[in-house]
Structure formats: C-alpha cells, structure tokens
Amino acid sequence: MTGGGPAGRAGIESVAADSYRQTKERLRAAISRLAEEGRYRLPSEAELTAALGVSRATLRSVLHSLQKEGRIRRLHGHGTFINRHAIGVTANLADASPFVDLLRQAGYEPGVRTVGQRVIELDDDLAASLEVAPGSRALRIERVFEADGRPAVHSVDHVPAGLLGEHPEDRDPRSSTFEFVEIDTGLPVCYSVAQVRPVLPPPAVAAALDLSPAHPVLRLRHTHVQANELPVAVTIVHVNDDYVRFSVIRTYLDQ
C-alpha cells in the first residue's frame with residue numbers, strides 16, 4: 001500500500017505543486033498573449049479550467065496568487081482583468097517565485113547548481129533572526145542560479161539543524177528549503193520578510209558571480225516564517241541586476 005505515510009503524502013503534495021506551477025506558467029503566458037492582442041479581460045473560471053485541464057480549486061489558487069502579485073484584478077460581478085501596466089514587469093519584489101522562474105520570465109534559460117552544503121554554527125545576527133541561541137547549529141546551503149549558463153544570483157539558506165533530524169547535512173540540495181522544512185515540521189512557510197539594499201559584493205560573492213568587486217548588486221535578506229509565527233530559515237541573496245531587475249507592484253482593494 002502507498003499514499004498513507006509521509007512519503008505518500010509528500011508524493012501527492014509534489015504532484016499538486018507541479019500542477020499549480022504549470023498552471024501558473026500557462027496562465028501567465030496566456031495573459032501576455034491576450035495583452036499583445038489588446039484583450040484585457042480573462043475568460044470565465046469555467047472556460048479557464050476547461051482550457052487548462054485543471055481543477056477549479058487549482059485555478060482559483062493561481063488566480064489568487066496572480067492577484068496578489070498585481071498581475072490581474074478580480075472585480076466581483078464584472079470578471080477578471082489583466083493589469084496592462086504590469087505586463088512588462090518580469091520580477092516583482094513581492095513575488096514568491098523561485099529564481100529559476102524569474103530568470104525564465106526574463107528570457108533566459110535558467111539553471112541552478114549547489115556550491116556547498118554543510119552544518120555551521122550561527123553567528124549572533126543569524127541566531128537572533130531565527131530565535132535560537134548564538135552558536136546553535138544550522139544547515140547552510142549555498143547555490144548559484146545561472147542565466148544561459150552565466151552566474152546571475154548567489155543564494156545562501158540557513159536552517160536550524162534542530163528542525164531537520166539527525167543528519168541535516170544529508171539533505172538533497174535539489175529540493176527547495178521550503179520543501180524539506182515543511183516535510184520535517186509539518187507546517188508550511190506562510191510569509192517572508194525581506195530587507196533590501198544595494199551593496200558591493202563580498203569577495204566570495206563577487207567570485208561566485210564572476211563580477212568585479214566594484215560592480216554593485218542587490219542584497220535581499222529574507223526571514224521565512226511558518227504559520228505558528230516561528231522563523232525557520234534565513235536566506236541571503238545577492239542579485240546581479242544585469243539579469244534580474246526587480247520592480248514593485250502595489251495593489252489596492254479590488255471591488
């Protein structure tokens with residue numbers, strides 16, 4: 001028998017996540033195509049579920065996500081409309097999309113490689129953000145995201161080792177941090193708080209991104225929080241905005 005234990009549930013959740021991501025990508029492509037044709041009203045939910053071959057629940061989750069990103073407006077009694085001034089935005093700072101998706105949306109063939117994975121002792125700053133004692137152990141995963149084979153984004157995740165069982169260093173780095181934190185704790189990450197500032201890259205980051213130390217990058221420091229309000233990871237990202245240039249779409253209450 002399968003499907004009753006954690007592995008079975010993880011498999012089902014993975015299929016559901018893949019369906020959601022594929023539906024979102026297809027709907028984004030449809031939005032771009034409709035906008036190019038000068039059509040800014042989306043078909044009805046019934047028409048979209050039939051055209052995309054997904055459930056109404058999956059479609060509504062995708063529409064809700066696109067609404068939060070500022071890509072569409074949903075007006076009660078009138079329909080769903082494309083925000084035409086947001087069409088050219090490829091990377092919304094408030095968007096939770098993985099960097100592989102952001103690079104693909106920017107027109108690149110994305111890739112990702114793991115540079116290193118090890119257990120470290122947290123410094124005072126990271127420990128305070130994760131609400132653990134200074135010197136606590138954490139899994140550190142360093143990745144580089146590539147655009148057409150060129151390094152574009154440097155990312156380092158820090159996850160308290162106490163959340164990840166006896167051998168946190170053995171985690172599959174191909175899985176996202178969100179995935180294995182949720183599997184181990186049973187709770188999803190429900191929001192992230194980001195600090196954003198332009199900086200000159202530290203030497204290790206400049207080397208990883210093949211940049212001059214004088215080339216500015218955008219530094220994003222995310223604290224990821226679960227539904228129980230406990231922080232479970234800190235991610236520090238350095239972005240070469242030659243490849244990914246962020247915008248902010250501010251949305252207001254739809255009617």
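Asp 101 is buried, with a relative accessible area of 13%. Buried here means under 20% relative accessible area, exposed means over 50%, and partly exposed lies in between, with a 1.4 Å probe and protein chains only. Asp 101 sits in helix H4. Helices (H or I, at least four residues) and strands (E, at least two) are DSSP runs, numbered from the N terminus. The side chain of Asp 101 is joined to that of Arg 104 by a polar contact of 3.2 Å. A polar contact is a pair of N or O atoms within 3.5 Å; within protein, one must be able to donate a hydrogen and the other to accept it, and residues adjacent in sequence count only if both atoms are side-chain atoms. Asp 101 and Ile 120 are 19 residues apart along the chain, and their C-alpha atoms are separated by 29 Å.

This is a predicted model: local features need pLDDT of at least 70, side-chain atom pairs count only at pLDDT 80 or more, and totals for chains, interfaces and linings use all residues. Residues are numbered from 1 along each chain as its sequence is written, and side-chain values use heavy atoms, with hydrogens and water left out.

Next, the nonpolar interior. In soluble globular proteins, nonpolar side chains tend to be buried together. A nonpolar core is a set of buried Ala, Val, Leu, Ile, Met, Phe, Trp, Tyr and Cys residues joined through side-chain atoms within 4.5 Å. The largest one has 15 residues. Those touching the most other members are Phe 99, Leu 103, Val 153, Val 239, Tyr 243, Val 244 and Phe 246. Helix H4 (99–105) and strands E4 (137–147), E5 (150–160) and E8 (231–239) each supply at least two residues of this core. H4 gives the largest share, 3 residues.

Leaving aside residues up to four places away in sequence, Tyr 243 touches Leu 103, Ala 106, Tyr 108, Ala 147, Arg 150, Pro 151 and Ala 152. Contact means heavy atoms within 4.5 Å.

Now turn to helix H1 (6–36). Lys 24 is found in H1. At 9% relative accessibility, Lys 24 counts as buried. The side chain of Lys 24 makes a polar contact of 2.6 Å with the side chain of Ser 65.

The largest share of the lining, 5 residues, comes from H1. In total, 16 residues line this pocket, and Arg 28, Ala 29, Ser 32, Arg 71 and Gln 105 lie nearest its centre. The lining divides into 6 nonpolar, 5 polar and 5 charged residues.

Two loop residues remain. Glu 131 lies between helix H5 (124–130) and E4. Glu 131 has a positive phi of about 60 degrees although it is not a glycine. Glu 131 is exposed, with a relative accessible area of 57%. Glu 229 is found in the loop between strand E7 (217–226) and E8. Phi of Glu 229 is also positive, near 70 degrees. At 47% relative accessibility, Glu 229 counts as partly exposed.

Definitions and conventions. On a 1 Å grid over the protein atoms alone, a cavity is a set of points where a 1.4 Å probe fits but cannot get out, and a pocket is an open set with protein on both sides within 12 Å along at least five of seven lines; lining residues have an atom within 4 Å of a point. Ala, Val, Leu, Ile, Met, Phe, Trp, Tyr, Cys and Pro count as nonpolar, Asp, Glu, Lys and Arg as charged, and the others, Gly among them, as polar.
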